[in-house]
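Subject: Structure handover

Hello,

Here is the structure I said I would pass on. My notes on what was found in it follow below.

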Amino acid sequence: MTVVRRLFLLPALLLTGSSLLQAAAIPNNASANLVLGQTLFTTNTSPSPATPSSLSTPGGVAVDPVTGKVFVSDQGNNRVLRYASIASLTNGATPELVFGQVNFSASAPNQGLTASQTSLWSPSGLFFDPAGRLWIADMQNSRVLMFENAAHLTSMPAYADRVYGQPDFVTTTAAPTQSKLAFPAGLCVDPAGVLWVADQGSHRVLAFKDAAMLANGAPADRVLGQTLFTTNAAAPTQTGLFSPQDVSADSTHVWVADYGNNRVVMYPNFPTINGAPASLVLGQINYITATPATSAVGLTGPTSVFASGTSLWVSDSGNNRLLRYDNTSLLGNGDPATGVVGQAGFVTSSSGVTAQKISLQFNHLWVNPAGDLWLADRLNNRVLHFNYVSPPVVPVVTSTFTLTGGKKIKTTRAVVTLRGTATASAGIRRVSYNLNDEGYVRAKGTTNWKAKIRIPLGRSKIVINSVALDGTISPPLKVIVTRK
């Protein structure tokens, strides 16, 4: 029989604090302030042949934070366009450079059907890293291209410096191997220089360590969604993926837009083993369901993720909206989104062509460090920019935690029970605890809460937080438990 050691939290120690800093906010149902590819917010034409300033089903957008230059993957025209700094842009602006084509001329032959060092075929997600490199998911060529010094190139055509997923610049074979890709959709580079690629055709995410230093066609050193580099089965499980469309990394986690499973999954601590399990799921309440939904907790075909500060943005393409999740370190499975763009609320999904309405499908987004938001509004043949708006001052969360016998506990028991109360002017959404940095788990109850926690042998750290209904959180309470 298991004996439970009860550790009671009684009114003796009061902790008061304000919310964690959040990424800059975009108001719910915000209106865009700039449009590229169109001169008006109410048009969505795509001329044929293309003009220098037109767009056809744009797939992605990225911004150089140093120069402010904007890069757009003009997927339907097999090119990536570079625009001047946002400070100089106006609606319908003309780009200054093109990647994937020899020039802007409509009479020049489109290079999209032949793979080379200067061509692209249906480019999708983009990423601009701190070293000034532009990374392009060249989807139909089943490869990733990297361009050094991309903000300062002047000659056309632009020559790629590196290729991944293929042994050279002229091969386009799709396959589930350690060095091949199959129609990659999105990508990112994490703070350690690891390239993560959403390899949708093989239902996996590949990681290339020190990618900028690798040779052309170098093999990946990690895979998520599969346990082997040679398998490509889709699955709604804690270790499986189904047509992942995008990947993003913050300081410690990898986030994946798992399109076919109608969810976003998070992998902690930059996983280093093949087939590592996710530790958080959004859009579903568990890892074995894949039901589409239009609500604050549901997702339908998410195609992009972008981690920004303590927030996560998700392009929920099937619902024609963008969702923002705040305080990501405290999120639990199936938690609701905090903000929405493209809809007036969380229960509608209509598309449209205005400064507020969008029409998404297989698109990607970008968030600048300053908090402004860029969106490839694919089916409206345009890119939208949303300005940062300072978050309103939020109420202070006050949480009451107390300990009997101090903050350091010694026990021989396998389970401890924590109890306590939490209060906030906005009301309490949940209380969560984190055992040994393994991720937050929701306690039972809110203003009066309880958590039974199984403790491993040795020294363990438990961190407890309360989260208010308005998203603000308490300062952490730390408890050290030593089990002998």
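W196 stands opposite A207 in β14. The model is predicted, so local features need pLDDT of at least 70 and side-chain atom pairs count only at pLDDT 80 or more, while totals for chains, interfaces and linings use all residues. Residues are numbered from 1 along each chain as its sequence is written, and side-chain values use heavy atoms, with hydrogens and water left out.

Strands here are DSSP runs of E with at least two residues, numbered from the N terminus, and two strands pair if DSSP finds at least two bridges between them. β13 (residues 195-199) and β14 (residues 204-208) are antiparallel and share five bridges. They form a hairpin with four residues between them, and H203 in that turn has a positive phi of about 55 degrees. On to β15 (residues 222-224), β14 pairs through three bridges, again in the antiparallel sense; L206 is placed opposite V223 there.

β14 is mostly covered, with five of its five residues buried (buried means under 20% relative accessible area, exposed over 50%, partly exposed in between, for a 1.4 Å probe and protein chains only). In a regular strand the side chains alternate between the two faces of the sheet. In β14, R204, L206 and F208 point one way, V205 and A207 point the other way, and all are buried.

The loop between β14 and β15 holds D210. Its phi is near 50 degrees, a positive value in a residue other than glycine, and D210 is partly exposed at a relative accessible area of 40%.

Four bridges join β4 to β5 (residues 69-74) in the antiparallel sense, and V61 has V72 in β5 as its bridge partner.

Another open sheet of four strands has the order β3-β26-β25-β24 and is also antiparallel in its pairing. Its edge strands, β3 (34-36) and β24 (365-367), each pair on one side only. On average, neighbouring strands of this sheet are turned by 15 degrees against each other, direction ignored. β3 and β26 (residues 382-386) run antiparallel and are joined by three bridges; the bridge partner of L34 in β26 is H385.

**Aromatic pairs and cores**

Rings of Phe, Tyr and Trp (its six-membered ring) pair if their centres lie within 6.5 Å; planes under 30 degrees apart count as stacked, over 60 as edge-to-face and the rest as tilted. By this rule the count comes to eight aromatic pairs. The ring centres of F71 and F99 are 6.2 Å apart and the planes are at 50 degrees, so the pair is tilted. F71 belongs to β5 and F99 to β7, so the pair ties together parts 28 residues apart in sequence. Both F71 and F99 are buried. For W135 and Y164 the centres are 5.7 Å apart and the planes at 35 degrees, so this pair is tilted. W135 is in β9 (residues 134-138) and Y164 in β11 (residues 162-164), so the pair ties together parts 29 residues apart in sequence. Both W135 and Y164 are buried. Ring pairs also link F71, F99, F128 and F147 into a cluster.

A nonpolar core is a set of buried Ala, Val, Leu, Ile, Met, Phe, Trp, Tyr and Cys residues joined through side-chain atoms within 4.5 Å. The largest has 88 residues, of which F99, L134, W135, L195, W196 and W374 touch the most other members. Apart from it lies another core of 18 residues, including L418, L435, A451 and V479.

**Loops**

Which peptide bonds are cis? One joins S48 and P49, with omega about 0 degrees, and another runs from M156 to P157, with omega near 5 degrees. P49 is in the loop between β3 and β4, and P157 is in the loop between β10 (143-147) and β11.

F362, in the loop between β23 (339-341) and β24, has a positive phi of about 50 degrees although it is not a glycine. F362 is partly exposed, at 27% relative accessible area.

Regards

How values were computed
Axes are lines fitted to C-alpha atoms, for helices over the stretch in contact, and angles run from 0 to 180 degrees between N-to-C directions.
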